[in-house]
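User: I would like to go through the labels used for this model. For each one, please set the value against the cut-off and conclude.

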Amino acid sequence: MTVLPVLGMLTASLLLGLYLVLAFLRRERKPVLIGFHLLLGMGGLELLIMLMRGTPAGAAESTGQVGIAAAALFGIAMFTGLTGAMIARRSAMSANIVVATHSSLGAAGFILFLLWLANM
């Protein structure tokens, strides 16, 4: 498996997430775009895990601790994003904390993913 589909999906999810943060700050909700962001993030995480497992021909990719950490951060970011809607309904302060946590974890996972790609 090549790296380009993983990089493309995760980059598209990151850019869409940045747009959604700006919409959140303007107090706008974009449910369709949130759904696309979710699908891109889930697909990117799935492709990342498939890339870490190796190719169908048997050639194993270099799975280091940085790649595992990136996948773990993406998984935790996905969990906070999914549960964030339930938590954020209680108060505006909790919504801000959830969005900041989700964004920070996703950005850190993306940086670790890029570092992992650079070391492949």
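User: Which residues have the most contacts inside the largest nonpolar core?

Analyst: First, a caution: this is a predicted model. The residues with the most contacts inside the largest nonpolar core are V6, L10, L48, F74, F113 and W116. That core has 15 residues. α2 gives the most, with five residues.

User: What makes a set of residues a nonpolar core?

Analyst: The residues must be buried, come from the nonpolar types, and be joined through side-chain atoms within 4.5 Å. Nonpolar side chains tend to be buried together in soluble globular proteins.

User: What does F113 touch, leaving out residues up to four places away in sequence?

Analyst: F113 touches V6, L7, L10, L48, A70 and F74.

User: Why is A70 called buried?

Analyst: The cut-off for buried is under 20% relative accessible area. A70 has 0% relative accessibility, so A70 counts as buried. A70 lies in helix α3. Leaving aside neighbours within four places in sequence, A70 is in contact with G109, L112 and F113.

User: How far apart are the C-alpha atoms of A70 and G43?

Analyst: They are separated by 15 Å. Along the chain, A70 and G43 are 27 residues apart.

User: Is T80 buried or exposed, and why?

Analyst: T80 is at 16% relative accessibility. The limit for buried is under 20%, so T80 counts as buried. T80 lies in helix α3. Residues up to four places away in sequence aside, T80 touches V98, T101, H102 and L105.

User: Why is S13 called buried?

Analyst: S13 has a relative accessible area of 8%. Buried means under 20%, so S13 is buried. The residue sits in helix α1. S13 touches H37, L40 and G41, not counting residues up to four places away in sequence.

User: Why is L38 called partly exposed?

Analyst: Buried is under 20% and exposed is over 50%, with partly exposed in between. L38 is at 32% relative accessibility, so L38 counts as partly exposed. L38 is in helix α2. L38 and I87 are 49 residues apart in sequence and 17 Å apart in space, C-alpha to C-alpha.

User: How do you know that the span of α2 agrees with its number of residues?

Analyst: The expected span is 1.5 Å times one less than the number of residues. For the 23 residues of α2, that should be 33 Å. The end C-alpha atoms of α2 are 33 Å apart, so the span agrees.

User: Which residues of α2 are buried?

Analyst: They are H37, G41, G43, G44, L45, L47, L48, L51 and M52. The buried residues of α2 pack against α1, α3 and α4.

User: What span is expected for α4, and what does α4 reach?

Analyst: At 1.5 Å a residue, 39 Å is expected. α4 has 27 residues and reaches 39 Å from its first C-alpha to its last.

User: Which residues of α4 are buried, and what covers them?

Analyst: The buried residues of α4 are S94, A95, V98, L105, G106, G109, F110, F113, W116 and L117. Their cover includes α1, α2 and α3.

User: Why are α1 and α2 called roughly antiparallel?

Analyst: Angles over 145 degrees count as roughly antiparallel. α1 and α2 pack at an angle of about 150°, with their axes 8 Å apart. α1 and α2 are therefore roughly antiparallel to each other. α1 passes α2 in a left-handed crossing.

User: What makes α1 roughly antiparallel to α4?

Analyst: α1 and α4 pack at an angle of about 155°, with their axes 11 Å apart. The cut-off is over 145 degrees, so α1 is roughly antiparallel to α4. α1 passes α4 in a left-handed crossing. V6, L7, L10, T11, L14, V21 and F24 in α1 meet A95, N96, V99, S103, F110, F113, L114 and L117 in α4.

User: At what angle do the axes of α2 and α4 cross?

Analyst: They cross at roughly 35° and come within 13 Å. This crossing of α2 and α4 is left-handed. The contact is made by H37, L48, L51 and M52 of α2 and H102, F113 and W116 of α4.

Definitions and conventions
Residues numbered from 1 in each chain as written. Predicted model: local features only at pLDDT ≥ 70, side-chain atom pairs only at ≥ 80, totals over all residues. Heavy atoms only, no water. Buried < 20%, exposed > 50% of the residue type's maximum accessible area, 1.4 Å probe, protein only. Helix = DSSP H or I, 4+ residues; strand = E, 2+ residues; numbered from the N terminus. Contact = heavy atoms within 4.5 Å. Axes fitted to C-alpha atoms, helices over the stretch in contact; angles between N-to-C directions. Parallel < 35°, antiparallel > 145°, perpendicular 65-115°, else oblique. Left-handed = near helix turned anticlockwise from the far one by under 90°.
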